[in-house]
Amino acid sequence: MADTPIPSGLTNSPFVGIKNCHVAKLLTDENGKTATYDTSVAIPWLRQVQIKPKNSQEKLYADNQAVAVATATSSYDLTVEMGNIPLEYKALLLGHKYENGKITVSSADSAPYFALMFESTKQNGKSRFVRFTKVQFTEPDETSKTKEENISFSTPTMTATAIYRTSDDVSLEQADEDATGYAADTGTNWYTLTAAATPSGS
């Protein structure tokens, strides 16, 4: 099969920002079936997302030289920096109890899986849409310090691990408004995922 030619004249605009962080709770994820999600929730004040793929590479040696290379990405380590994390969102992401303005952390709590979605914005006004399909968050790093002469903001950071969905073995999806063949409704519907079926009579 011939290689697909890369079109000339592709727009190459640098990334300058990030916005529109959303999460959607993963409800079902069974092999051979379509994964379902709860309604997506906007997470305010996203400052930065650092993505580090966990790669492994093995070389096959024969006749005193490397003759083949196999590379695999097992998961992605994510570092998500927020301007602030309201307690309601913290409870949602980590599976804690939230009631009457108070969060309660129990040893029995278990962080659910979510889809994590956001947009990397470009200098030309276009966006690259990013979606990790199955992410689990961990407790945030938070620092509290005294007020000093020079103002310094303390911003919490959450780490998370993105793995592959059981249903279809997909972990990461991206779409770019500058990409050849991009359809406008891709970005419009980026934060709407497959919902669970509503039981009859409800």
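**Reasoning through rings, cores and charges**

Me: Both phenylalanine 114 and phenylalanine 137 are buried in this model, which is a predicted one. How many aromatic pairs does the structure hold?

Reply: There are 3 aromatic pairs in the structure.

Me: Why is the pair of phenylalanine 114 and phenylalanine 137 called edge-to-face?

Reply: Look at the distance first: the ring centres are 6.4 Å apart, and a pair needs centres within 6.5 Å, so the two rings do pair. Now the angle: the planes stand at 65°, and anything over 60 counts as edge-to-face, so that is the name for this pair.

Me: Which parts of the chain does this pair link?

Reply: Phenylalanine 114 belongs to strand E8 (residues 114–122) and phenylalanine 137 to strand E9 (residues 127–137). The two are 23 residues apart, and the pair links distant parts of the chain.

Me: What makes the pair of phenylalanine 129 and tryptophan 190 tilted?

Reply: The centres lie 5.8 Å apart, which is within 6.5 Å, so this is a pair.

Me: Are phenylalanine 129 and tryptophan 190 buried or exposed?

Reply: Buried means under 20% relative accessible area. Phenylalanine 129 has 4%, so it is buried, and tryptophan 190 has 5%, so it is buried as well.

Me: What lies over the face of tryptophan 190?

Reply: That is arginine 131, at 4.0 Å from the ring centre. In another such arrangement, lysine 134 lies over the face of tyrosine 113, at 4.9 Å from the ring centre.

Me: Let's turn to the cores. Which residues have the most contacts inside the largest nonpolar core?

Reply: They are Leu78, Leu116, Phe132, Val135 and Phe137, in a core of 22 residues. Among the elements that give two or more residues to this core are strand E5 (65–82), helix H1 (87–94), E8 and E9. Apart from it lies another core, of 11 residues, including Tyr37 and Leu193.

Me: Now the charges. How many salt bridges does a search of the whole structure find?

Reply: The search finds 10 salt bridges.

Me: How do you know that aspartate 168 and arginine 165 form a salt bridge?

Reply: Their closest N and O atoms are 2.7 Å apart, and the limit is 4 Å, so the pair qualifies.

Me: What makes the link between glutamate 30 and lysine 33 a salt bridge?

Reply: Here the closest N and O atoms are 3.4 Å apart, within 4 Å, so this is a salt bridge too. Lysine 33 has 53%, over 50%, so it counts as exposed. Glutamate 30 has 41%, so it is partly exposed.

Me: And how do you know that lysine 97 and glutamate 99 meet in a salt bridge?

Reply: The N to O distance is 3.7 Å, which is within 4 Å, so they do. At 51%, lysine 97 is over 50% and therefore exposed, whereas glutamate 99, at 43%, is partly exposed.

How values were computed. Residues are numbered from 1 along each chain as its sequence is written. This is a predicted model: local features need pLDDT of at least 70, side-chain atom pairs count only at pLDDT 80 or more; totals for chains, interfaces and linings use all residues. Side-chain values use heavy atoms; hydrogens and water are left out. Rings of Phe, Tyr and Trp (its six-membered ring) pair if their centres lie within 6.5 Å; planes under 30 degrees apart count as stacked, over 60 as edge-to-face and the rest as tilted. Helices (H or I, at least four residues) and strands (E, at least two) are DSSP runs, numbered from the N terminus. Buried means under 20% relative accessible area, exposed over 50%, partly exposed in between (1.4 Å probe, protein chains only). A charge sits over a ring if NZ of Lys or CZ of Arg is within 6 Å of the ring centre and within 35 degrees of the ring normal. A nonpolar core is a set of buried Ala, Val, Leu, Ile, Met, Phe, Trp, Tyr and Cys residues joined through side-chain atoms within 4.5 Å. A salt bridge is a side-chain nitrogen of Lys or Arg within 4 Å of a carboxyl oxygen of Asp or Glu.
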